[in-house]
Amino acid sequence: MAKPYYDASDLRKFGKITEWSEELGNKFFDYYGKVFEEGALTAREKSLIALAVAHTEQCPYCIDAYTKDGLERGITKEQMMEAIHVGAAIKSGATLVHGVQMMNKVNKLEM
Amino acid sequence: MATKSLLARNNDLANTARQMEILSSGIFADGELPTFANKLKETHLFPLQPKKLEILQINLGYMCNQVCAHCHVDAGPDRKEIMTLETMQQCLEVIKNTGAHTLDLTGGAPEMNPNFKEFVEAAAKAGIKDFIVRSNLTIIRANKKYYELPKFFKKHNIHVVSSMPHWTRGKTDKQRGDGVFDKSIKALQMLNEVGYGREGSDLKLDLVYNPSGAFLPGDQMALENDFKKALKTDFNIDFHNLFAITNLPISRFLDYLIASENYEDYMFSLVDAYNPTAVANVMCTNTISVSWDGYLYDCDFNQMLNLKVASKVQHIGDYNEALLQDRNIIINQHCYGCTAGAGSSCQGVVA
């Protein structure tokens, strides 16, 4: 039977990365935890940013995690979809803004 | 969504023994997750025992005008279990002598018990000062005979605790049924009109939030702020506090978890979020739950699993508080629902 590269239940094992490199792993999780605490941004705003980035990074674990996190915070599906559009807009914008480079090159090369 | 109880649908899970079997097998039998008893032992909290009795929670019957998708009571219009006058009389005898200060009335829709008002009046005469009625709100709009409920609640200074899963219509109706949101809003406005929920008012109106799906409740305070802002802006509704309650994996919610293939993930979430601090204040340590037919349970959830108290005294007719307080609380894997994160009880978070 073909085994997929991604397994949804692997997300639960994320914490185990500390087993093979304890100090770095713990430092990462401390940092991670701190980042998502209420700060100048609300935890809710951070959750939506994470959801958008999860999509642009195309990380299935992160998408699962921050969709659930959003639901727990009472974030509506309309708000989640809008957040993803922000990510998508930046992604497509990042592609299209390179069009200027293409135009510059064309203008330079063409007589 | 379903309009009948599991019982009326002859669903396998209407059988409490079947529910217990599910909660004890699979991931808990093969050791992938620790049983609740083992988790308590690990954290030196076993056995769980009652502290001072504060709340008598009486279930006046399983009949309800709603059929909510997550209901742990499996309540609905087709449920005929209703507390009789005779059992009410036995409860009143206990109320006269109990050390508990609060009478917490639940159901089903407790207001649908034909003797609901008489019972409240008799309990008030028997000396109860703190009343809680767990109202689904829509009952106030269900029939003309219930329109006067807000005034009745006010007359006895009843603390009204109402279910409201979300501040948007879509999420509310999906969990509780079509039209529930609009009726709930109208009912809240009626409660506000007689003085409930206003800032500084002694007429306490609290809302209960529980997640509409296979996820845990977020931060209670943050949710309360969101609810307050939205209900005030959209409908000029005021309320006092929001209680965030975790759905326990029993009855209709268990049925949903299994049917949607969320059961294992949900149990992992609950166990991961186990918080020993919450254990100290779980509601079974200060509450006795009485069923419609007078039997005694550690909590409303154990009542729905037919797990009677581990005591010689098992019925309100034989009530003996001292004897009853000297018992171990019956636990099983569903208890993880009350100890996850900030904990969960009929009064919201506990840690």
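## A tour of chains A and B

Start by selecting helix α10 of chain B, residues 251-259, where B:S251, B:R252, B:F253, B:L254, B:D255 and B:L257 are buried. Buried here means that 20 or more other C-beta atoms, placed from the backbone, lie within 10 Å of the residue's own. Helices are DSSP runs of H or I with at least four residues, strands are runs of E with at least two, and both are numbered from the N terminus.

Before moving on, note that this is a predicted model: local features need pLDDT of at least 70, side-chain atom pairs count only at pLDDT 80 or more, and totals for chains, interfaces and linings use all residues. Residues are numbered from 1 along each chain as its sequence is written, and chains are lettered from A and ligands numbered from 1 in the order in which they are written.

Following α10(B), look for B:E261, whose phi is positive, near 55°.

**Next stop: two crossing helices.** Select α7 (residues 169-176) of chain B together with α8(B); their axes, lines fitted to C-alpha atoms over the stretch in contact, come within 8 Å and cross at roughly 105°. From α7(B), B:R169, B:T172, B:D173 and B:R176 meet B:V180, B:F181 and B:S184 of α8(B).

**Then the core.** The largest nonpolar core has 110 residues, and B:L56, B:V160 and B:Y209 have the most contacts inside it. Such a core is a set of buried Ala, Val, Leu, Ile, Met, Phe, Trp, Tyr and Cys residues joined through C-beta atoms within 7 Å. Helix α8 (residues 180-193) of chain B provides the largest share of this core, 6 residues.

**A loop residue.** Click on B:L137, in the loop between β3 (130-135) and α5 (139-142) of chain B. Why does B:L137 count as buried? Because B:L137 has 26 C-beta neighbours inside 10 Å. Beyond its neighbours within four places in sequence, B:L137 is in contact with residues including B:K183, B:S184, B:A187 and B:L188; contact means C-beta atoms, placed from the backbone, within 7 Å.

**Last stop: where the chains meet.** Show both chains and find 8 residues of chain A in contact with 12 residues of chain B. On chain A's side, helix α3 (residues 60-72) gives the most, with 3 residues.

Technical notes. Contact = placed C-beta atoms within 7 Å. Buried ≥ 20, exposed ≤ 12 C-beta atoms within 10 Å, placed from the backbone. Axes fitted to C-alpha atoms, helices over the stretch in contact; angles between N-to-C directions.
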